[in-house]
Amino acid sequence: MTQLTAPSVPSAAPAPSTGTSTARPGAPAVDALGGPWPASARPGPGGDVLVGGVGLAEAAERFGTPLYVLDEAEVRGRARAYRRALPHAEVLYAAKAFLCSAMADWAAEEGLGLDVCSSGELWLAASAGFPAQRILLHGNAKSPEELRLARRLRVGRIVIDGPAEIARLAALVAADTPQRVLVRVVPGIAAGHHTAVQTGVGGQKFGFPIEGGDAADAIARVLDQPGLELAGLHCHLGSQITEVEPYLQAVDALVRLLAEIREQHGVELPELDLGGGHGIRYLPGDAEFDVADFAVRVTDRLAVRCAEAGLEVPRLIVEPGRALAGPAAVAVYRVLSVKHTADGHCFAAVDGGMSDNPRPALYGSAYSVRLVGRRSEAGAARVDVVGRHCEAGDVLVRDAVLAADLRAGDLLAVPAAGAYQLSMASGYNLVGRPAVAAVKDGRARLLIRRETVEDFRLREVGR
């Protein structure tokens, strides 16, 4: 059984080994796979890969495919790394990356709060027993029902994202039971791996731009509502950010706004939420967000800027999601067919695809892939790993280096699969979403069963 060791920081994985799909299949094994794999990932017997001490081929045989294998120790280790790096900050797990009851439990047990953005995420968290006061609700289009649910459950904070929410929320709140709120502002900073996820710039659906005065107007309106307690400012710059500099720019912009609020309204806000968006490795050579560097530079910048403005330093809040969940899961697929075309292309079609991982189709996201469950001495070939859906864009991994004798029935494992895959999964072609199994200390247990055709049929109420 493999002994699990939590990483000291999220970027602490070892360097990539020759066991990944970028090297010749059947290359000599090393102790750790490194790169985008969980820290516990090790080569196993017969070409298998062990995650949390459990063989991926063994898990696929037991639970079927497609299968998402989630390493509990990786999630917990990354949560602890954030708590160590930011001991005086509040760390909230961004549930939109991936949420189930077990993830909520692990976050709670590791001392994290929870950031949710729908009534579904809120209900699941509450049903799992997550403390409501450690929950933050945000989203750009909260329904009246969602706000009422948040009030009924007594969530700790609600992020106000648009003008209509101010009056809508104020109407639900009595002055003697105020609701703590943050106002989401847009600092005008572009960051993130794709324009579709760059949320810190103006001209979009999120928040109140600082430039032009929308943020100042919203803050004044909130302060005029006796049932709303303005706790601080919130911003979210984007997704899959690997540099610290955009967050430093955000600190500068938000502290200037905090100083203006004190000057105009005579109040100092006690909290500053810089959101999440912390990037991970998807390919062995990728950069990864360094939370230790972030912690030192952001807290130093915040202290300096507040001292210059004569402000008390607000409590920092961060919302990592992908950085906790992404590297902790591996998706395992079974090859259904291998096709060689006249122009020399090779396509390996698997039993999943864009219904369980839409990121390649949405953003052109790149992944690595590895043959598991058998060894091959056949040399290497370039292969496009494609899904089973009726879309030419249903490609999971382009130009992968895999065994030249790849065949139907083989198992392929894709690491860094824990975030924004199952959380964005669909029912396209009524294929059904995959199962999720947690692994720890050589044991596996099912967290989420496979979705079946019967599940789809049960939603029908007439014909």
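Which side chain does R445 meet in a salt bridge? The side chains of R445 and E72 form that salt bridge, at 3.4 Å from N to O. The model is predicted, with pLDDT of at least 70 needed for local features and 80 or more for side-chain atom pairs, while totals for chains, interfaces and linings use all residues. Residues are numbered from 1 along each chain as its sequence is written, and side-chain values use heavy atoms, leaving out hydrogens and water.

**Salt bridges**
- The structure holds 30 salt bridges, each defined as a side-chain nitrogen of Lys or Arg within 4 Å of a carboxyl oxygen of Asp or Glu.

**Packing of α2 and α9**
- The axes of helix α2 (residues 72–85) and helix α9 (residues 291–309) come within 9 Å and cross at roughly 25°, which makes α2 roughly parallel to α9, a term for angles under 35 degrees.
- The contact (heavy atoms within 4.5 Å) is made by A81, Y82 and A85 of α2 together with V291, A292 and A295 of α9.
- The residues of this contact divide into 6 nonpolar, no polar and no charged, where Ala, Val, Leu, Ile, Met, Phe, Trp, Tyr, Cys and Pro count as nonpolar, Asp, Glu, Lys and Arg as charged, and the others, Gly among them, as polar.

**Helix α8**
- Helix α8 (residues 245–265) has 21 residues that should span 30 Å at 1.5 Å a residue, and its end C-alpha atoms are 30 Å apart, which agrees; the expected span is 1.5 Å times one less than the number of residues.
- G266 follows α8 and has a positive phi, near 75°.

How values were computed:
Axes fitted to C-alpha atoms, helices over the stretch in contact; angles between N-to-C directions. Helix = DSSP H or I, 4+ residues; strand = E, 2+ residues; numbered from the N terminus. Parallel < 35°, antiparallel > 145°, perpendicular 65-115°, else oblique.
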